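Subject: A structure for you to look through

Hello,

Here is the structure I promised to hand over. Please open it and keep it beside this email as you read.

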Amino acid sequence: MLYPPITPYASGMLPLGGLHQMYWEQCGRQDGQPVLYLHGGPGDGCAPMSRQLFDPWFYRAVLFDQRGSGRSVPRGELRDNTTQHLIADIECLREHLGIERWLVFGGSWGSTLALAYAQAHPQRVQGLVLRGIFLGRQSEIDWFMHGMRQFYPEEWQRFVAPIPVAERQDLLQAYYRRLTDPDPQVHLPACRAWGRYEGACVALRQNADAIERASSEYVALSLARLEAHYFVHRIFLPEAQLLQQIERIRHIPAVIVQGRYDVVCPPVTASELAQHWPEADFHLVEMAGHSLWEGGILQLLMQALETFKLRLC
């Protein structure tokens, strides 16, 4: 279903002021329809395979690693790292590349950021393709920290094992203290445990490669630190803002793709979003979890990108 592997025709580091520089790249057709890819996490970064989602004969695909993530520097940096900073970074990148409007594609945390960006700048968004919906509410954060054990009890036991029993009443704060400790002997084991927990729960059938990647030092350092940072600060948005401000973007064409058995971002959240946004095209995929790369989810996302080719011509 994916397009062949492709290398970027342009890339660079964009200074964001202060501490941060952001890695960006473009691939596909230089005069094509702009599409922005927003990776998950926060803190994950873009995988090269993500470029293969977009028809290189039609789309001008723009990918970037969010502050503190992937090839952006400094990796794992929490200072000056909020949802508002990321929204401003997207606008900075759009202006830097001379793009007037674009299609926005985001999954998991990428869906959160896509919604927040679209609500802040609806005039810049031609359409939205969203997957594995996360709205950043306290109930969703609590589910990640505690609820997933109902489906993955053995992984949750591994997750809490580094935390003394006396500190498990506030598991997020206990992890945050360790993840932000300057000593690598303290923060690296916590990063790896957090990354493994998430990697083990993302797919309907556990994927050893996903677990290994998420628990590797390179990925886990930024993934765990930034996810905990955003969770502790309730993603730097008022509770339920993304639902309450849906009227700002109801006119924008949108496709929502959600796995029926998504344990990381349960389908009830996507269903609530669809109820608030009846104009959106909502797909609940049977026999699928959270991962973008599961067959049914990937197929529908690719179909959505094909449909937008007709809409945006």
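A pocket is an open set with protein on both sides within 12 Å along at least five of seven lines. Lining residues have an atom within 4 Å of a point. Grid points are joined across faces, edges and corners, and a volume is the space filled by probe spheres set on the points.

Two notes on the source. This is a predicted model, in which local features need pLDDT of at least 70 and side-chain atom pairs count only at pLDDT 80 or more, while totals for chains, interfaces and linings use all residues. Residues are numbered from 1 along each chain as its sequence is written, and side-chain values use heavy atoms, with hydrogens and water left out.

**The whole protein**

The protein has 11 helices and eight strands. Both are DSSP runs numbered from the N terminus: helices are H or I with at least four residues, strands are E with at least two. The C-alpha atoms fill a box of roughly 60 × 40 × 35 Å along the principal axes. Of the 313 residues, 58% are buried. Buried means under 20% relative accessible area, exposed over 50%, and partly exposed in between (1.4 Å probe, protein chains only).

**What UniProt says**

An unreviewed UniProt entry gives "domain: AB hydrolase-1" for residues 34-292. UniProt positions are in the numbering used here, feature names are shortened, and annotations may be inferred rather than shown by experiment. That span is 42% helix and 14% strand, and its end C-alpha atoms lie 21 Å apart.

The unreviewed entry also lists Ser-108, Asp-262 and His-290 under "active site". They spread over 183 residues of sequence but cluster in space, with a largest C-alpha distance of 10.5 Å. From this set, Ser-108 is in the lining of the largest cavity. Ser-108 sits in the loop between strand S5 (102-107) and helix H2 (109-120). Is Ser-108 buried or exposed? At 11% relative accessible area, Ser-108 is buried.

**The largest pocket**

The largest pocket holds about 790 Å³ of space. It is lined by 30 residues; Asp-44, Ala-210, Arg-213, Ser-291 and Trp-293 lie nearest its centre. Strand S3 (33-38) and helices H6 (184-201), H7 (208-215) and H8 (217-232) each give two or more residues to the lining. H7 gives the largest share, four residues. By class, the lining has 13 nonpolar, 11 polar and six charged residues. Here Ala, Val, Leu, Ile, Met, Phe, Trp, Tyr, Cys and Pro count as nonpolar, Asp, Glu, Lys and Arg as charged, and the others, Gly among them, as polar.

Where does the largest pocket lie? Domain 1 (10-136 + 236-312) and domain 2 (138-235) both give residues to its lining, so it lies between them. The domain bounds come from an automatic or database domain assignment.

**The cavities**

There are two cavities of 30 Å³ or more. Helix H3 (138-145) and H8 each supply at least two lining residues. Both domains give residues to this lining too, so the largest cavity lies between them.

The second largest cavity has about 40 Å³. Leu-135, Ile-235, Leu-237, Pro-238, Ala-240, Gln-241, Leu-242 and Leu-243 line it. Seven of these are nonpolar, one is polar and none is charged.

**Backbone details**

Gly-41 and Pro-42 are joined by a cis peptide bond, with omega about 0°. Pro-42 lies in the loop between S3 and strand S4 (59-64). The bond from Val-73 to Pro-74 is also cis, with omega near -5°.

Phe-236 is not a glycine, yet has a positive phi of about 60°. Met-287 has a positive phi too, near 55°. At 55% relative accessibility, Met-287 counts as exposed.

Best wishes

Key
1 Å grid on protein atoms, 1.4 Å probe; cavity = no way out; pocket = protein on both sides within 12 Å on 5 of 7 lines; lining within 4 Å.
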